[in-house]
Amino acid sequence: MSASQASQRPKPRLRSALKWLHLWLGLSAGTVFAIVALAGTVLAFQRELALWAYPQLQRSAATTPEQRSRALARIVDHWQTQGMSSLDLPSPQFPVWQGYFPNNERRYFDPASGELLLTRNTDNDLVLWLRDLHIHLLSGKTGEAVLGVIGIIALFMLLSGLYLWWPRWSALAASLKWYRGPPTRRWFSWHRGIGLWLLPLTLLAVLTGVSMIYDDVARGALSTAFGDRKAPPKPPKLAARDAPIDWGGVLRAAEAATAKRAGLPGAQLRRISLPKSGSGLIALRARAVGEWHPVGRSMVWIDPYRGDVIGTLDATAQDRGVRAFDAIYPLHGGFVGGRAWQTLIALTGLLPGFLLVTGFLFWRRRRGR
């Protein structure tokens, strides 16, 4: 046997093994992948769907500072003891207060009065049910771990499909052609053609999704790759006191931190994280100018007893690895690039289902023959 023959012999075996794995992983794990991706297509428009499904949320976000302060104080005083951990501020895009509670429950409040408008959870709202499916497979941390494995398998299926397709240059045009018939050729050409055209977007969606599940690994890898410096220290712990909190003062202090000459000029306050047990520190997330994340990764820390800003963090001034990691969620969720990127992400969520159906039809037709 010549050296050239020996070097070429494993290739058919490798190709056959990849075909077998691509087929059976696609028909098994690919089914879960397709369902999760379809849920992602709906979630790309979750904010618009909420405003459409619940007209009571369609309010004016224009309120006076006094109204905001009173509404915030009313909401926190009543609902913090019932498990509310954080609260989104009203914005032009979503003009009500949105409170986050255990077990994926959310409550919505009038921007001016703080009156309860709506309670949503996975039992009474399809979009939140789909969100839990997309993130946790309806099974909490266990489902999230399973979803991480499914994501890795999906990466293998996409890359193995690319390898199995890769043609000679002379056959490139023929390999991209779509056929109407016969059925075996039709399903195979559609599976291959659509898969190739949308492969970059699908790879991006899967890679970003897997990176969010294995966030510590992804964050560390990006920081190492870009040579990030050590992360700046957070403000020191602040012990809780038996004293009332002036929530109007908290808002005024946070807004002062986003003034033109302050630490976060032009940033928009988006979310208040309420103090945890034994702590008096209040953290607010802000979206600085140029940030992609819809809530923002910039931070303002407040001493609520004195009404002082004790620290800020400008996410746009972070090292490149941190900024790259912060871009993962906006890219995955369709929050950057306007309506065009949002639509592309939604369409990408349809692809795994299309590949599953066409792959199954091709396999069944070929098996029948």
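**Strands, rings and a patch**

Analyst: Let's start with the strands: β5 and β6 (residues 282-287) pair in the antiparallel sense, over five bridges. Before going on, note that this is a predicted model, where local features need pLDDT of at least 70, side-chain atom pairs count only at pLDDT 80 or more, and totals for chains, interfaces and linings use all residues. Residues are numbered from 1 along each chain as its sequence is written, and side-chain values use heavy atoms, with hydrogens and water left out.

User: What makes β5 and β6 a pair?

Analyst: Two strands pair if DSSP finds at least two bridges between them, and β5 and β6 have five. Strands themselves are DSSP runs of E, at least two residues long, while helices are runs of H or I with at least four, all numbered from the N terminus.

User: How do you know that β1 and β5 pair?

Analyst: By the bridge count again: three bridges join β1 (residues 86-88) to β5 (residues 268-273), and the two run antiparallel. D88 has R271 in β5 opposite.

User: Why is the pair of W79 and F101 called edge-to-face?

Analyst: Rings of Phe, Tyr and Trp (its six-membered ring) pair if their centres lie within 6.5 Å; planes under 30 degrees apart are stacked, over 60 edge-to-face, and the rest tilted. The centres of W79 and F101 are 5.9 Å apart and the planes meet at 85°, so the pair is edge-to-face.

User: Why does W79 count as buried?

Analyst: Buried means under 20% relative accessible area, exposed over 50%, and partly exposed in between (1.4 Å probe, protein chains only). W79 has 11%, so buried it is. F101, at 8%, counts as buried too.

User: And why is W24 called partly exposed?

Analyst: Its relative accessibility is 38%, so W24 falls in the in-between class. W24 also belongs to one aromatic cluster with F360 and W363.

User: What makes R107 a charge over the ring of F101?

Analyst: The rule wants NZ of Lys or CZ of Arg within 6 Å of the ring centre and within 35 degrees of the ring normal. R107 lies over the face of F101, 4.5 Å from the ring centre.
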